[in-house]
Amino acid sequence: MKVIKAEQIHDAVVDLVLKAARYLPEDVKTAIRVARNNETSESAKEVLGQLLENADLAKESGLPLCQDTGLGVFYVEIGSDVQIEGNITEIINNAMIEGYDKGLLRKSSCHPLTRKNTMDNSPAVIHYSHVAGDKLTIKHMAKGGGSENMSRCTMLTPAQGWEGIKEFVVRRMAEAGPNPCPPTIVGIGIGGTFDLAPALAKEALFRPLSAENPDPELAAMEQELLDEINQLGIGPMGLGGQTTCLGVKIAIQPCHIASLPLAINVQCHSSRIKEVTL
Amino acid sequence: MATYTMTAPLKDEDVAKLRAGDVVKLSGIIYTARDAAHKRLCDMLDNNEELPFELQGAVIYYVGPSPAPEGRPIGSAGPTTSYRMDTYAPRLHSLGVKASVGKGKRSPEVRKALQKHTGVYFGATGGAGALLSQCITGAEVIAFDDLGPEAIRKLTVDNFPLLVVNDSHGEEQYAKPNFEF
């Protein structure tokens, strides 16, 4: 049994929170740079240029990339040979609170009905999975509300199949238009149950933008959807152009013979993900 | 497409000359308000209470900034998505508000209100909050401190870069998606 101390997890989570909020992943920056070079529209070039400048400024100044530093989302993989000293949910939540406080990140969590702010960004949204091995992997996403609001889940019929999935996704992104801060990254969960499809869609967004889907068929489907979304012509911030979406990430699971669950989790261009393995 | 420099609060004649696609470098005083603050402002109007700022000519920025680091007036401060304020915006325009700043589409009711009351909807670049905060030279909470990031702040801005998305003549700058709805 490998023992992992509470303090180790705490410090690692504080670090994840601070880095995710301030440093745009290099592959996202590269994708924005390439898009700017390919764009012919002046407004698209201008917006993409501002995003690159913003990323540099955040890195230098320590200001968060975006004022919406999101809810603190965590996907945690616990190895079967790992023993954690303490309650991991408490450790992660407390570390997240410390990170948001220390990093001067916005506290964006509130009671859903009274809308009273919890003032410390808690609670963290944590998903656990148990895997083989002696590692603990913590993946963190700072998930903004604007793009999250454009996300959808539906239960298609098996007969609708891939064509139905494409129709739903492209229609959704057309309806969303400028709202989710395009160029977006689109996470798609296909299969599972009503509750599992959105969790898959979000998990898909943890795959780095530059990392191809290891399944060649899914990789081809991602490319097909990416092309269709970009043909919408919505462009950066909705002002027109070829760059509406930077990447599509699909995750699938077997589902009931009666069902075809589908979820779309929309991510803005400021894809703030960071992970650590202990 | 023209570029203008303007000072807030705005006048009808400032707004009337703006066309969708124009760029405005805005200086002067603007006010932050988003979801919870809008609800409270409208509740105050219902109760005939005095509002925390003058609506006549006002520019409202839909933003909930991140906390200010030492030596800076404000943290990151980019726009939030505007449609959530569509419920309240026509009423505020009818009472003299001249402009809002946000990102994303507005409802037909808001677009009509802009035409009727000579208002304008500006877009700022979403997700560029660190960069945009450099144009904010002063910030002071003037109401609803308990709302944290949603409190109303009086901001002083200097050449804040804005794009006219919806003008007072019924025109819009957003691209229409190539999709048959």
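How many Å separate the centres of domain 1 of chain A and domain 2 of chain A, taken over C-alpha atoms? The separation of these centres is 25 Å. The legends below describe a predicted model, in which local features need pLDDT of at least 70 and side-chain atom pairs count only at pLDDT 80 or more, while totals for chains, interfaces and linings use all residues. Residues are numbered from 1 along each chain as its sequence is written, chains are lettered from A and ligands numbered from 1 in the order in which they are written, and side-chain values use heavy atoms, with hydrogens and water left out.

**Figure 1. The two domains of chain A.** Chain A is divided into domain 1 (2-22 + 65-143) and domain 2 (146-271), with bounds that come from an automatic or database domain assignment. Nine residues from domain 1 of chain A and twelve residues from domain 2 of chain A make up the contact (contact means heavy atoms within 4.5 Å). About 870 Å² is buried between these two domains, and carbon and sulfur atoms give 64% of this area. Buried area is the accessible area (1.4 Å probe) that two parts lose on being put together, summed over both. Of the area that domain 1 of chain A buries against domain 2 of chain A, 66% is supplied by Tyr75(A), Met141(A) and Lys143(A), more than by any other three residues.

**Figure 2. The interface of chain A and chain B.** In this interface, 40 residues of chain A are in contact with 43 residues of chain B. The size of an interface is often given as the accessible area lost when the parts come together. Between chain A and chain B the buried area is about 3200 Å², with 61% given by carbon and sulfur atoms. Leu63(A), Gln67(A) and Arg106(A) supply 19% of the area that chain A buries against chain B, more than any other three residues.

**Figure 3. The largest nonpolar core.** A nonpolar core is a set of buried Ala, Val, Leu, Ile, Met, Phe, Trp, Tyr and Cys residues joined through side-chain atoms within 4.5 Å; buried means under 20% relative accessible area, exposed over 50%, and partly exposed in between (1.4 Å probe, protein chains only). The largest such core has 57 residues, and those with the most contacts inside it are Ile32(A), Phe53(B), Ile60(B), Phe144(B) and Ile152(B). Among the elements that give two or more residues to this core are helix H2 (26-38) and helix H3 (42-61) of chain A, and helix H4 (108-116) of chain B. H3(A) gives the largest share of the core, seven residues. Domain 1 and domain 2 of chain A both give residues to this core, so the core lies between them.

**Figure 4. Aromatic pairs in chain B.** Rings of Phe, Tyr and Trp (its six-membered ring) pair if their centres lie within 6.5 Å; planes under 30 degrees apart count as stacked, over 60 as edge-to-face and the rest as tilted. There are four aromatic pairs over all chains. Tyr31(B) and Phe53(B) are stacked, at 4.2 Å centre to centre and 15 degrees between the planes. Tyr31(B) lies in strand E2 (residues 23-32) and Phe53(B) in the loop between helix H2 (35-46) and strand E3 (59-61) of chain B, so the pair ties together parts that are 22 residues apart in sequence. Helices (H or I, at least four residues) and strands (E, at least two) are DSSP runs, numbered from the N terminus. Tyr31(B) is buried at 13% relative accessibility, and Phe53(B) is buried at 6%. The ring centres of Tyr61(B) and Phe160(B) are 5.3 Å apart and their planes are at 65 degrees, so this pair is edge-to-face. Tyr61(B) belongs to strand E3 and Phe160(B) to strand E7 (residues 152-166) of chain B, 99 residues apart.

**Figure 5. Charges over rings in chain B.** A charge sits over a ring if NZ of Lys or CZ of Arg is within 6 Å of the ring centre and within 35 degrees of the ring normal. Arg40(B) lies over the face of Phe144(B), 5.2 Å from the ring centre. Leaving aside neighbours within four places in sequence, Phe144(B) also has contacts that include Leu41(B), Met44(B) and Ile152(B). Arg106(B) lies over the face of Tyr121(B), 4.8 Å from the ring centre.

**Figure 6. Surroundings of Thr184(A).** Thr184(A) lies in strand E7 (residues 184-192) of chain A and is buried, at 1% relative accessibility. Not counting residues up to four places away in sequence, Thr184(A) touches several residues, including Met173(A), Cys245(A), Val266(A) and Cys268(A).
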